[in-house]
Amino acid sequence: YCTLSVFESVYLSRKYRLFDITKSNDSKEITYGLDLFKNTMIAAYNATRAKYFREGASKETFTDLVDGWVDNLVKTNIPVCYAICFSVEQDLLSQWRGYADDGRGLSFGIDKAKLHSWASSEKFVLKKIEYNRNQQRKRMREISDEVIRLIKTNLNRKEVKPIEDIISQSLENDEKEEFESKKNDLCRDEI
């Protein structure tokens, strides 16, 4: 879905334009997954499986630690990220309104195999966006369980590591992408 001028640009140049994700029309584009992680970690603190947190830190202290880590991640570790969005649906009113000049633009198809081949050759990562909140929460629980396991291991060893180091240690590159592949379900028509 796009305006006529965008389609003309793509057609004539044979190039797609990616946008800086921090300049998105979705103000939560960057922070949605991180907010979900923070909420999952706080829920883990409140759960019985995380009783060792309550023994070592108040809820306020733990919340401050998680907030501080996430704020630090946003300020220092989120790489420059450019994106392009596609829809698997060919005819959705919300997409016509939002991206195709309120219905005056057009929708054009892209060969998925060619798109994946191009992305691979350019070393781009294509990710399908997960809009199902239950699936999002499930994945964040898996990540927070791993973070909790590492924190518990460090506490049992009497190691004192900043929570940022422990969380970073638990999040490999694929898991860091998990934060980026979560989006508010109000935008579920995009992929």
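Colleague: Is Tyr 11 buried, partly exposed or exposed?

Modeller: Buried means under 20% relative accessible area, exposed over 50%, and partly exposed in between (1.4 Å probe, protein chains only). Tyr 11 has a relative accessible area of 47%, so Tyr 11 is partly exposed. Keep in mind that this is a predicted model: local features need pLDDT of at least 70, side-chain atom pairs count only at pLDDT 80 or more, and totals for chains, interfaces and linings use all residues. Residues are numbered from 1 along each chain as its sequence is written, and side-chain values use heavy atoms, with hydrogens and water left out.

Colleague: How do I read the ring pair of Phe 7 and Tyr 11?

Modeller: A pair of aromatic rings is described by the distance of the centres and the angle of the planes. Rings of Phe, Tyr and Trp (its six-membered ring) pair if their centres lie within 6.5 Å; planes under 30 degrees apart are stacked, over 60 edge-to-face, the rest tilted. The whole structure holds 6 aromatic pairs. For Phe 7 and Tyr 11, the centres are 5.9 Å apart and the planes at 25°, so this pair is stacked. Phe 7 is partly exposed, at 27%.

Colleague: Where do Phe 7 and Tyr 11 lie?

Modeller: Helices are DSSP runs (H or I, at least four residues), numbered from the N terminus. Both sit in helix α1 (residues 4-13), 4 residues apart, about one turn of the helix.

Colleague: Which residue lies over the face of Tyr 11?

Modeller: A charge sits over a ring if NZ of Lys or CZ of Arg is within 6 Å of the ring centre and within 35 degrees of the ring normal. Here that's Arg 14, at 4.6 Å from the ring centre.

How values were computed
Helices (H or I, at least four residues) and strands (E, at least two) are DSSP runs, numbered from the N terminus.
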